[in-house]
Amino acid sequence: MENKIIQDSNSSYYNMVKIEFLPLITEKPNSILDVGCGTGQFGRKLREMNKASELVGIELYAPAAVQAEKYYDKMYHDDVESLDLPYSEYFDYVICGDILEHLSDPWNTVSRIAKMLKKDGALICSIPNIRYWKIIADLTLYGRWDYTDSGILDSTHLRFFTKSTFFEMLHKANYKVEWEAMVVHGRKKVVDLITFGMFSEFLTTQIMVMAKKG
């Protein structure tokens with residue numbers, strides 16, 4: 001079950017726009033499924049950029065889903081894991097921005113998504129990186145694994161991935177990773193540059209990928 005924080009739908013939690021995803025989507029009429037679309041701000045941006053001819057959204061939290069309806073052609077106020085969607089080789093893109101870690105069975109979900117993608121379609125997604133240095137340090141040095149209100153150890157996260165285990169999940173579902181990015185923030189960018197990216201996996205809080213059907 002998609003386990004989301006119940007909070008104000010106007011909060012940043014439901015209004016995020018993954019700007020890194022936008023250049024990955026071609027400028028043509030695309031059919032796009034946005035899983036966990038929140039209030040629909042990513043869909044709104046796609047509309048403004050003329051990158052979507054059809055937008056379908058899934059959002060479990062009803063107040064956010066209601067706000068998203070004005071940007072999407074079809075909205076499902078439901079749990080993506082229990083939905084039986086009537087789409088086969090239909091979408092050019094499926095977006096899962098910070099969603100898979102909230103699911104009981106993300107392995108099954110990415111496999112189901114593959115069946116909904118066109119032959120040249122792509123899954124664009126992001127997940128937290130459990131190999132982040134602070135998580136390792138707290139666990140190794142202090143024996144701590146403390147859940148928080150947000151971030152990598154968000155208390156609503158059910159599954160945790162490193163880059164290798166995330167890619168393994170995608171490969172088993174017959175995806176081929178076409179693009180990847182490790183998100184490094186603040187002063188850690190300097191360390192990343194000095195070390196020529198050798199420690200990127202320990203410095204990044206989030207992993208982003210675009211994967212096409214294999």
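Reader: Which residues of helix 5 are buried?

Author: Quick ground rules: this is a predicted model, where local features need pLDDT of at least 70, side-chain atom pairs count only at pLDDT 80 or more, and totals for chains, interfaces and linings use all residues. Residues are numbered from 1 along each chain as its sequence is written, and side-chain values use heavy atoms, with hydrogens and water left out. Buried means under 20% relative accessible area, exposed over 50%, partly exposed in between (1.4 Å probe, protein chains only). Helices (H or I, at least four residues) and strands (E, at least two) are DSSP runs, numbered from the N terminus. In helix 5, residues 163–172, the buried ones are F166, F167, M169 and L170. They fall within an arc of 155 degrees seen down the axis, so they line one face of the helix; the arc is taken from the directions from the helix axis to the C-beta atoms.

Reader: Which exposed residues sit on the face turned away from that buried side?

Author: S164 and K172.

Reader: And what covers the buried residues of helix 5?

Author: Look for contact, meaning heavy atoms within 4.5 Å. The cover includes helix 3 (106–116), strand 5 (117–128), strand 6 (175–183) and strand 7 (206–213).

Reader: Now K51: how far away is the nearest side chain of opposite charge?

Author: A salt bridge needs a side-chain nitrogen of Lys or Arg within 4 Å of a carboxyl oxygen of Asp or Glu. K51 is buried yet has none, with E27 4.7 Å away. Still, a polar atom of the K51 side chain lies 2.7 Å from the backbone oxygen of L22, and one lies 2.7 Å from that of I25.

Definitions and conventions
Lys and Arg count as positive and Asp and Glu as negative; His and the chain ends are not counted. A polar contact is a pair of N or O atoms within 3.5 Å; within protein, one must be able to donate a hydrogen and the other to accept it, and residues adjacent in sequence count only if both atoms are side-chain atoms.
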